[in-house]
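Dear colleague,

Here is the structure I said I would pass on. My notes follow it.

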Amino acid sequence: MLVGATLTGCKDDFLEIVPETSLSSATFFTKPADFQQAINAAYVPLRSIVNDRAWLLGEMHSDNTYYARNPLFGATEQQEDIADFAIPTANGVTSNTHVLNQYRLDYQIIARTNQILASIEQVEFSDEAMKNNIIGQAKFLRAYAYFELVRYFGSVPLHLTPVPNREEAALPLASEEELYAQIVADASEAIPLLPPKSEQEEGRVTSGAARTLLANVYIVQEKWAEAETLLKEVVNSGEYALVPEYADAFSNSTGNKNNIESVFEVQFMEGSAGLNGTFLYQFMPRPIGPEELMTITGTSNPQPLNGEGNNIPTPDLIAAYEEGDEREEASIGYITLSGSSWKDGVYPYIKKYARTHALHNNHGMNWPIYRYSEVLLFLAEALAEQGKEGEAAEYLNMVRNRAGLDDYAGGNILEAIYRERRVELAFENKRWFDLVRTGRAMDVITAYGERIKANPQAYYYPEGSAPRSHVFSNITLHYALPADEAALSPHF
């Protein structure tokens with residue numbers, strides 16, 4: 001009788017009670033520690049982005065790296081389409097899985113930060129600084145995710161609150177102007193809320209990282225004076241400096257992380273906790289035998305890697321290094337593959353992340369998002385664009401001198417800065433964005449494609465192999481939106 005009365009007389013009230021045995025936003029956020037856990041989760045998609053996606057969409061989708069064709073393995077068409085500027089597109093959408101995954105990972109960050117920002121004012125914090133720190137991190141991460149989306153896609157939906165139901169999940173596309181306005185607002189609001197690097201927990205974003213992100217946005221928007229102000233605040237903060245040796249600017253598998261040159265880097269941890277990276281293995285030319293691989297990774301249990309090599313430095317990039325530039329040897333190594341069918345089997349590979357570690361396909365090198373050398377090059381560019389060439393040269397020379405090069409010798413200083421960015425930031429997923437924002441993408445990539453088609457053997461095609469007939473047939477400044485997402489939205 002009691003059960004019957006409960007099910008009938010209290011039916012409406014029962015339906016309004018949130019089940020206490022399941023977690024939801026309504027039951028989870030009750031204390032400050034819950035928001036600490038939530039902000040940790042907002043960083044998590046960054047690992048998949050830099051480990052599996054950004055080098056495809058940002059570096060191989062440029063003239064810095066290419067794939068090493070392995071005709072014995074067969075095509076990896078989805079990746080090749082990105083490198084070959086041949087992504088199938090129809091009605092503004094594409095079925096490319098890497099494009100889809102990048103889109104979804106950025107929106108994971110946005111969804112998680114939206115939930116934090118919508119809920120945090122409802123919980124009392126005894127430590128106001130902790131609360132501000134969490135809000136600042138959430139605003140930075142949301143700004144960064146939208147900055148990636150607007151640069152990759154142009155127009156995307158602008159979600160600023162949690163999505164409560166299916167009907168509100170599909171929003172119209174926001175314009176680039178609307179997206180950049182929100183990115184600027186979030187990054188600007190994050191700066192005063194975040195502590196400086198010396199006071200922040202390692203690995204979390206800081207006020208310096210937020211200033212650098214906002215300056216990057218202003219540089220894309222050609223707001224040079226605003227960028228200059230922010231970048232000089234970073235330089236004058238005393239929180240950052242160039243590491244004396246370029247090769248030491250990048251982390252080891254278990255050490256040298258978040259060093260004095262690091263403005264923001266994505267954290268990885270070697271071991272069995274599921275926080276490790278695998279990107280070094282994805283960057284290897286193939287097929288590579290265990291003994292050959294061990295010379296790079298130093299692991300005690302190396303395994304052969306078959307398939308097709310990815311993110312292989314192009315001859316174009318190798319030629320961009322000046323004589324005596326110490327960054328070339330630090331960034332690019334060479335390996336002889338006995339099983340290769342390309343020429344003599346001597347391939348270049350990305351050396352700057354190649355650090356020894358314990359387990360095969362499991363390493364802990366962090367991934368740099370912003371380094372202090374980029375702050376200096378951003379500042380040099382902002383100054384040069386305002387006609388302050390003498391001051392710009394000072395910051396340019398700081399980067400050049402660390403690499404063992406003489407001072408800038410004169411000429412077109414903007415071209416010198418662009419060249420410097422290419423070699424200083426090689427393999428850090430900057431090249432494609434640089435080509436687009438400086439208006440050089442169409443010309444540079446068209447010429448690059450012609451070189452590959454004219455001499456494929458110089459670009460890691462074995463004798464008798466040739467590029468596919470449709471390579472470099474779809475050179476555009478933005479990726480098409482994901483078809484799987486279009487199937488869920490009436491707006492694209």
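Which side chains meet in a salt bridge with an N to O distance of 3.0 Å? They are Glu374 and Lys430. Please keep in mind that the model is predicted.

Glu374 lies in helix 15 (residues 372–385), while Lys430 sits in the loop between helix 17 and helix 18 (431–437), 56 residues apart. Both of these residues are buried.

Salt bridges that share partners also form one network, which joins Glu261, Glu322, Asp325, Arg327, Lys352, Arg371, Arg400, Arg402, Glu420, Glu424 and Glu428. The whole structure has 36 salt bridges.

- Arg402 and Glu261 meet at 2.8 Å, N to O. Arg402 belongs to helix 16 (residues 389–402) and Glu261 to the loop between helix 10 (224–236) and strand 5 (262–266), 141 residues apart. Both are buried.
- Arg327 and Glu424 meet at 2.8 Å, N to O. The pair connects helix 14 (residues 326–331) with helix 17 (residues 413–424), across 97 residues. Arg327 has a relative accessible area of 0%, so it is buried; Glu424 is buried as well, with a relative accessible area of 0%.

On helix packing: helix 7 (residues 128–153) packs against helix 8 (residues 176–193) at about 155 degrees, and their axes are 8 Å apart. Helix 7 is therefore roughly antiparallel to helix 8. Their crossing is left-handed. By class, the contact has 12 nonpolar, 4 polar and 6 charged residues. The residues that meet include Phe140, Tyr146 and Phe147 in helix 7, and Leu179, Ile183 and Leu193 in helix 8.

Regards

How values were computed. Residues numbered from 1 in each chain as written. Predicted model: local features only at pLDDT ≥ 70, side-chain atom pairs only at ≥ 80, totals over all residues. Heavy atoms only, no water. Axes fitted to C-alpha atoms, helices over the stretch in contact; angles between N-to-C directions. Helix = DSSP H or I, 4+ residues; strand = E, 2+ residues; numbered from the N terminus. Parallel < 35°, antiparallel > 145°, perpendicular 65-115°, else oblique. Left-handed = near helix turned anticlockwise from the far one by under 90°. Contact = heavy atoms within 4.5 Å. Nonpolar A, V, L, I, M, F, W, Y, C, P; charged D, E, K, R; others polar. Salt bridge = Lys/Arg side-chain N within 4 Å of Asp/Glu carboxyl O. Buried < 20%, exposed > 50% of the residue type's maximum accessible area, 1.4 Å probe, protein only.
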